[in-house]
Amino acid sequence: MTDVWSNWSGWVKAWPRHVAAPATEGEVASIIRDAPSPIRTAGRGHSFTPLVESDGTILTLFGLSGVVDHDPVAMTARIKAGTTIRDLGPELFERGLALLNQGDIDRQTLAGAVGTGTHGTGGGLGSLSASVKAFRLATAGGEVISCSRTENSDVFDAGRVSFGSLGVMTEITMQCAKMYALEETGGRMPIAEALDKAETLRDEARHFEFFWFPFADQALIKFLRETDKEPRVRRRKPDGEMSRGDKIMQLACETSRTLPFLRGPLQKFLTSSSGSRYSSGPSDGAEGQPAKLRWSHDAFPSDRNVRFNEMEYAVPAERGPDCIREVGEHMRKCGTNFLFPLEFRYVAADDAWLSPFYRRDSATISVHQYHRQPYKELFAGVEDIFRSYDGRPHWGKLHTRGAKDFEALYPKWDAFQAVRRQLDPAGKFLNAHLKHVFGET
């Protein structure tokens, strides 16, 4: 028996019989052939669902890291699947390239982020999975196949968002862009105004999102716009080292946890202390605050070190404002203690079969709960609202949906199931969670 494996929040644990850390694609294939199942691949543990949980084999890809090569004309890069997004940004930058988009957490491995449909925000921009041009996949039989729109196209369509259920990605080719700088502006805006103008605000910038503490009457809005101005160098803290903002948030969470009647005043305080009211204008930012200018790989991420559990659903874009209004009202009235804000983003439609954004422009709404507080009661009430808005859950974030739900939510569900059963007829990659997801219990 090996030591316990745990995800980032600490709520998912596993005691695998075997842990493997291959350094080559051939080693990955060999391990898959011979290791005890279920075989699950661990990235950096930033999924909140028990995707990695296994009493068989947990396989890590930390030894498969780095850019293999790139095409400066097509602006693509072949990347080893275990490369973290944080490490990838500077490597692409050295080659004059950048990811088209990314989220505000960059701890994840590329394979983990792609496989779960991880995304940033932008009305015209897709998830990381939407930028995949090709990938190599180690299958249950120990073979490695290449997948693209012209080679094994059904596996390509299924595999871009497949959370390790078809095999293990070893290499991913990403569509990139020429390196670019982003200017960040934002500030406080009345939540009613933010929701009434959400589509207009979305279309005003390359990236728009907002955070809203439901007990506050203002939201914290954020824009990122591409700019020709000279970016400033960002000196990031080592991973895990808390910033002043992290320390304030942690203290607020602990205070709310022990004195729950303070959750409302604390949420109002955290909102009012987060900058000034937003002042419109592409370079003005919040009043009294200079805009931040950074290269894209430094502009996207926030160093979030206060641990939490998370649920996120993607709903039709046009229904997003109504949905978050209802979620906020429920959270204020339900009586459950919570402190973290809701997060609201836009994502463009794509064509990966199990992408939450399959053929649908979407708004995503994220609900967080401090890792030292129970989440099930809070998330259950919110999930009922998401279901009523035809929401699709993020594959790496907490949900209670099963095969019957997904069959109705995803037009290509049966086609995906056929590909999965063909590639893995014995269910070598299925743990208890995935058996529930696929109706194989």
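Q: In what order do the eight strands of the open sheet stand, and is the pairing parallel or antiparallel?
A: Strands of a sheet pair through backbone hydrogen bonds, in a parallel or an antiparallel sense. Here the order is β15-β12-β14-β13-β17-β18-β16-β19, with antiparallel pairing. Strands (E, at least two residues) and helices (H or I, at least four residues) are DSSP runs numbered from the N terminus, and two strands pair if DSSP finds at least two bridges between them. This is a predicted model, in which local features need pLDDT of at least 70 and side-chain atom pairs count only at pLDDT 80 or more, while totals for chains, interfaces and linings use all residues. Residues are numbered from 1 along each chain as its sequence is written, and side-chain values use heavy atoms, with hydrogens and water left out.

Q: At what angle do helix α7 and helix α8 pack?
A: Two packed helices are described by the angle between their axes and the distance between the axes. For α7 (residues 244-258) and α8 (residues 263-272), the angle is about 165 degrees and the axes are 10 Å apart. That makes α7 roughly antiparallel to α8, a label for angles over 145 degrees. On the α7 side, the contact is made by Ile-248, Met-249, Ala-252, Thr-255 and Ser-256, and on the α8 side by Arg-263, Leu-266 and Leu-270.

Q: What is the pairing in the open sheet of three strands?
A: It is parallel, with the order β3-β5-β4. The edge strands β3 (18-20) and β4 each pair on one side only, and the twist averages 25 degrees from one strand to the next. Three bridges join β3 to β5 (residues 57-60), and Ala-20 has Leu-59 of β5 as its bridge partner.

Q: With which residue does Lys-229 form a salt bridge?
A: Side chains of opposite charge can pair when their charged atoms come close. Lys-229 pairs with Glu-183, with the closest N and O atoms 3.1 Å apart; a salt bridge is a side-chain nitrogen of Lys or Arg within 4 Å of a carboxyl oxygen of Asp or Glu. Lys-229 lies in the loop between β14 and α7 and Glu-183 in β12 (residues 181-190), so the pair ties together parts that are 46 residues apart in sequence. The count comes to 33 salt bridges.

Q: Which peptide bond is cis, and where is the place of Asn-152?
A: Most peptide bonds are trans, and most residues other than glycine have a negative phi. The bond from Ser-37 to Pro-38 is cis, with omega near 0 degrees; Pro-38 lies in the loop between α1 (25-34) and β4 (39-42). Asn-152 has a positive phi near 50 degrees and sits in the loop between β10 (144-148) and α4 (153-159).

Conventions
Axes fitted to C-alpha atoms, helices over the stretch in contact; angles between N-to-C directions. Parallel < 35°, antiparallel > 145°, perpendicular 65-115°, else oblique. Contact = heavy atoms within 4.5 Å.
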